[in-house]
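Please brief me on this model.

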Amino acid sequence: MPALFEARGVTKRFGGLTALHDVHFAIDQGISSIIGPNGAGKTTLFNIFTGLYGADEGSVTFRDQPLLGLRPDQITALGICRTFQNIRLFANMTAIENVLVGMNSRISLRLWDVLSRSPGFRRTESELAARAVSLLDRVGLQASANIVARNLPYGDRRRLELARALASEPALLLLDEPTAGMTQGEASALMHLLRNLVADLGLAIILIEHNMRVVMEVSDRVTVLDHGEKIAEGPPREVQSDARVIEAYLGKRGAAPRTRGRAAH
Amino acid sequence: MIRSLIAVALVGLSALAVATFPRSVLVFLLFQGSLLYVFKARMPDPLRWGLLATSLLVLMPTIGYFNSYYLEVATQVGIFVALALGLNIVVGLAGLLDLGYVAFFAVGAYSWAILGSPHANVIFGGETFPLAGWWFYVFLFVGLGTAAITGILLGLPVLRLHGDYLAIVTLGFGEVIRVLANNLDKPINFTNGPKGITPISRPPTPFGIPYGEFFYFLALLIVVAVIVVNRRLEDSHIGRAWEAIREDELAARAMGVSLVRMKLMAFACGASFAGVMGVLFSAKQVFINPESFTFLESIGVLAMVILGGMGSIPGAIVGATVVTVLNLQVLKGFSLWLNELKNAGVTVLGYSLADLPTQFEPAKYERMVFGIILVLMMIFRPQGIFPARRRQRELAK
Amino acid sequence: MDVDLLIGIFPQVLLDGITLGFMYALIALGYTMVYGVLEFINFAHSEIFIFGAFVGVEVLLGLKSIGLLDGLPWPLVLILALVVGMGASGLLAVTVERIAYRPLRGAPRLIPLISAIGISFFLQDLIRLVESLWRNAFNLVYPTMDVLNLRFELSETIDVSVKSLVVIGGALLMLWALHLIVNRTKVGTAIRAVAEDQAAASLMGIDVNRIISLTFLIGGAMGGAAGVLFGVQYGLINPYSGFIPGLKAFTAAVLGGIGNIPGAMLGGLVLGLLEAFAAAYLSLLTGGAFGAEYKDILAFSMLILILIFRPKGLLGEVVRERA
C-alpha cells in the first residue's frame, strides 16, 4: 500500500551548493515534523513539494501521481496546501477575502456565470462565504472577518494563513513554522487545533518547527535534516535521544535538545 | 434632507449655467462637480440615482442640442472613462503595469476604420467596401473580440515577466503597434500610413437621432455596461484572484490561483473595453491616423487611473473626467484667455503680455499635466483621490 | 539585387553602427548603474540625456553670440560643452532622485516606476517651456563648426567625418573614465558594495544615500555626455527626441545584462550595429517593401525577446528578484 505522499531521493542544488541530498520522506496520516538547524533545507523541501522549485533528482508523488513538473496551482488543486515561514497574506484584502482566495481551485464557475450573475454563481458565492466564515470560526477569527489582513495582530495573521490554506480543502497540509513568534500558550492552543483538524478532517500535516516542546508534544513522527541530508527519522522519543541529532544541534559537547526551549536559535 | 435640497439646487443651477454660457470651462466643471456631489453626498438612493439619470439622460443631451461643444466634451469624457476602467482592471486590480494600453484602442479603431471605409477595397480589390452602416453595430463586438484576442496574444509571451519588465515590454508593444500603423501602407496598404483612413462610415441611428447625441448616448451605454462588468468581475473569484496576484504573486500561486489564466483574463478584459471604444471612436471621428494612438495617450489613461485611485471604479471615472476636462478645456481655455489678454495689450507687473513668445502655447502642455499628476500622486497619495474601499461583508451567523 | 552595392556600403554602415552603438552604450550606463544599485528602471533617464543635449547647445549658442565659437580652438569648445552638459545632467539626475524617488524607497515596486514616468513627461515639457520662453523655439539646431564636418575619404565608398570620430573618441574616453572610477577608486568599491547588498554595505559604515546620489550623478553625467555627442552628431534636437534613444539604450542595457557595466557597452554596440544594418539593408533586401522605419520594431522586438528568453542578458548578470 503506497503512502499518501512520498518523496524519494530528492536532491536540489543551487549553483555549487547542494541544498538537499537524496532525501526520502513519506507521510500517510497524522502529523509529521521536519526539524533541523537553520539552513538545513527544510523550507527548500517544502518549496519543492509545492512546485515553487524544481528538483534536480528524485521523485515526489501524491496519491501515486508524480508532482515534479506541476505548477503550484495544479498541486494545490490536487489537495496539497501550505503556509509560509514569513507570513505571506494578501495584505490589503480582508481576512475573509484571503480565505476566499484559498478556495479558488475549488471553484468551477465560468466567466459567463460571473458576468451574468447566474443562479449557479449566486449559490456558489453564498456557499463559499458560509464556508469561509466557518473556517475563520475554526481558527478563532470570525470577529475579524472584515479586517484588512495587514491590520491584524501577528498571531492572528498566522492563524489566518492557516485558515486560508485549509480553504483549498487539502488532504495534506504543509506548515512552515506556524508557531514562530507565538507565546507558549498560543502555540499550545494552535497545536490543539491541529490535532483536532487531523481528527475531524482526516488531514495529514507536515510541520516545520523550531519549538521542540511543540514538536515533541504533537508529532507522530519526526524527521531531522542537517546540511540537506536526513540524519534521523522516527517517533519523537527515539529521535530525541539519537546521538547524531544531538550533535547536529549542539555540536559534540551537548545535552539533549529538549533542555533548550527553542533549539535552533 | 438639506443635502438632498443642495444637490437638486446644484444640479439645476449648474445645468442652467452651462446652458447660458456657451463655452465656459468653469461652468462645465461646476456641472460635473455637482454630479460628483450627488454621487458622494448622503441622500436617499432613489433621489441620488434619479438625479444622476436625469442629468446624464436628459439635461446633458438637452444642453448638447443647443450647444454641441459640451456634448462633444462629454462624449470624449465617456470614451476615456471606459478606457480608464479597462486599464483599471489590468493595473489597479491585477497589478500589471501596462504602458501600451492604447494599442488595444487602436486595434478596435482600425478594425472598423479599414472595413467601414472604401480603404478596404485597396486591400481586397473590388468595390465591396465600405460595409453598410449597420455593420457598425456588429463591429462593436468584432472590435471587442479582436482587442481581447490581441490582449491574449500579448499576454502569452509576457506572462513570465513581472513588475517593471512587464511595463517596459508593454511599452515596446505599444510602440510596435504604432510603428506598424505608420508603416503598413506598403507592401500591402493596410493602414494607409501616417495619412490615415477616411471617410469612415457612420451607422444609421435609431429614430434618426443626430450623430452628436447618438455617440453621446452610445458612449454612455458602453460606459454603463463596462461599469457593470467591472463590478461583477471585482466581486467574484476572478476579481479576488487578480487582487491576490497584485498583493503577492507567489502566495497566490501557492493558493491555487492559475497565473496564466488570470493574467490573460485581465489583459483580455481590459483590452476588450478599449476595443469597443475604438470602434465608436473611429466612427465618431470619421478619420483616424496613428497620431491618436501614441504613448502619450497610454500615459494619459494611466494618469486617470492613478489620479482616481488604482482599483477603484468611482476613482477611474472621476480621474478620467478630470484629466479629460483639464486637457480639453482648462489648458485650451487658458491658451485662449492668454491670447485675448495679449491682443488686448495687457501688461502684468510692467511686462507686456504681447511680448510673450509665440511658441509658448499652454494648450500643448498635456505631458506636463500628466507628469505632475503621476509624480504628486505617487509621493503624496498613492491610493488616489477615491481609494478603492474594501467590501464589508454581511456575516450571517 | 545589386550585390556590389550591398558589399560596397558595408564599411560605411559598420562605422555608422559603431558610432550609434557607443552613443547607446553611454546612455545605457545610466540605466544599468541605477538598476544595479536600486533595482529600479530610471524611466526619466532619457530626459536626463536630452537635457544634456540642450545644455550643450546653449553653451555653443552662448559662445557663438559672444563671438567665441570660432575664436576658441574647437576641441576646447567641445570639451566645454561636454563638461557643462555632463555637470548639468548629473545634477538633474541627483535632484530627481532626491525629490521623486527617495521618498518612495521601500514602496511597492510599481510606485517609483510610475513616479519616474511622471518625471520623464514633466521634464520633456519643462524643457519645452523654458526653451519656448527663452528662445521662442524648442527645436534647436547645433551650430555648425566647420572642422566637424570635414570628411576623410578612406576609399571610394567609405569616408569618415570628424564628427563620428569625436563621438567615438568622446564615448571611449567616458567609458574608460567610468571604468577607472568604478574599479579603481574607493567610491567605486562603495558603489559595487551597495549594489551587492545595501544592508551589509550600510553596516560596514557606507552612507548608502550618498552612494545612491553618487550613482545618479555619474549615470546622469554619462547621459549628459551622450546628449552633447548626440547633438553634435545629428544636429537637430527637441525635448521629445530623448525618448526613443532612451528606450533603445534601455534595450541595450537589458541586452548586455542589466546591472552589468561592461554588458551595457556590449549591448549598446550590438544594438547600434543591428540598427545601422537594418536601416541600410532592410529596404535593399526586401525591394523597398520594408523600409528603415522597421529598425525601431526590430529593436523593440529584440527587447521583448530577450526579456522573455534570456532576461539575464548576454553577459549574464543575475537579475535579482525582490521576493
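**Domains of chain B**

The C-alpha centres of domain 1 and domain 2 of chain B are 26 Å apart. Domain 1 of chain B covers 1–66 and domain 2 covers 70–380; such bounds come from an automatic or database domain assignment. This is a predicted model: local features need pLDDT of at least 70, side-chain atom pairs count only at pLDDT 80 or more, and totals for chains, interfaces and linings use all residues. Residues are numbered from 1 along each chain as its sequence is written, and chains are lettered from A in the order in which they are written.

**Domain contact**
- In chain B, 12 residues of domain 1 are in contact with 15 residues of domain 2 (C-beta atoms, placed from the backbone, within 7 Å).
- On the side of domain 1 of chain B that touches domain 2, α2(B) supplies the largest share, six residues.
- That side of domain 1 of chain B has 10 nonpolar, two polar and no charged residues (nonpolar: Ala, Val, Leu, Ile, Met, Phe, Trp, Tyr, Cys and Pro; charged: Asp, Glu, Lys and Arg; polar: the others, Gly among them).

**Chain B overall**
- Chain B holds 15 helices and two strands (DSSP runs: helices H or I, at least four residues; strands E, at least two; numbered from the N terminus).
- The C-alpha atoms of chain B fill a box of roughly 70 × 60 × 50 Å along the principal axes.

**Helix α12 of chain C**
- α12(C) bends by about 35 degrees at C:Ala278 (the angle between axes fitted to the seven residues ending there and the seven starting there).
- Just after α12(C), C:Gly287 has a positive phi of about 60 degrees.

Conventions:
Two residues are in contact if their C-beta atoms, placed from the backbone, lie within 7 Å.
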